[in-house]
Amino acid sequence: VVDARLPFGSKLSTVRERASFNQVLETGMPAAGKVIEEPFFKQPAFSVRIPVLGDRVIKYVLSAAVKPQAISALLSYQRLPPNWVGVVVDGSNQIVARTQDHGRTVGRPASKGLGAALARAPEGWFRDRTIESAQVYSAYSRSVFSGWTVALGIPAHAVEAQFRHSLFYVASFGVGFLVLGIALAWILSNQTARSIGSLSNMADELGLRPKAEMANNVPSRIAEIEAVRETFLNAARLVRERSEERDRVEAALREGSERFELAHKASHLGTFGRNIFTNDWKWSAPRE
């Protein structure tokens, strides 16, 4: 109908970028077009289109051709670190603005990695190479309204350096705890081995040494070892008591036998015995 860039009455060109124009007609909502080579500016530009309604019907589509430098200025206001990459791509995944090498990259397709990521989900992050082949971790988000995407690329070494730094501390603590655990295990195993060795000696000398001497032989703070120690001491006590009782019985038997022999000698008597199963006879020694 009219082009504000041309003198009134000039021959008008047709709509060059039809996708966003048709989108406005179909949805009745504003739309942003993709970057194309604009003949009037003689450089890349994109169109922002809005519907003009009359009686609730779309009468006109008002379009404004916008230079990508306007979007690039918005990116520059973010003051990203020099080695980071900020990029805005349109709905067809063409670069609209970029913080690095803006003039050469506008209108070019975004990286294959970003295109593949956008095909999977409207937002997320991934590891990729920039168009300069630099390794980066990229986070991105696509606008539901415009279909445009903002992506931020952080150098991989900057991300991984923090990870390695954290991993170094975790590994250091892990090694420290491992060494401490080995040292404690070595100390406890030596104590246990000494305690078990002492218990072994107690078992070998069970009933042969005084209780007080055995009690001092197994100093241990291990409850189980102490329980076994007490068991050995009780066993040693029982062995000694039975040994003493046996000694008393044997002494009494010897005394009775001696008296019996003395009585035999004094009375000039003898004894005999017979095994009824084998018919064997046993006689005491003859007396004089």
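Two strands are said to pair if DSSP finds at least two bridges between them. Helices (H or I, at least four residues) and strands (E, at least two) are DSSP runs, numbered from the N terminus.

Good morning. The structure is a predicted model, in which local features need pLDDT of at least 70 and side-chain atom pairs count only at pLDDT 80 or more, while totals for chains, interfaces and linings use all residues. Residues are numbered from 1 along each chain as its sequence is written, and side-chain values use heavy atoms, with hydrogens and water left out.

I begin with the sheet. Five strands form an open sheet in the order S6-S5-S9-S8-S7, with antiparallel pairing. Strand S6 (95-98) and strand S7 (123-129) are the edge strands, each pairing on one side only. On average, neighbouring strands are turned by 25 degrees against each other, direction ignored; axes here are lines fitted to C-alpha atoms, for helices over the stretch in contact, and angles run from 0 to 180 degrees between N-to-C directions. Helix H2 (residues 69-76) packs on this sheet and touches S5 and S6, contact meaning heavy atoms within 4.5 Å. The direction of H2 makes about 40 degrees with that of S6. Helix H4 (residues 112-120) lies across S5, S7, S8 and S9, at about 155 degrees to S7.

Next, strand S9. Strand S5 (residues 85-89) pairs with S9 in the antiparallel sense over five bridges, and Val 87 has Ala 151 as its bridge partner in S9. Strand S8 (residues 135-142) is joined to S9 by seven bridges, again antiparallel, with Ser 138 opposite Gly 153. S8 and S9 form a hairpin with six residues between them, and Gly 147 in the turn has a positive phi of about 80 degrees.

Thank you.
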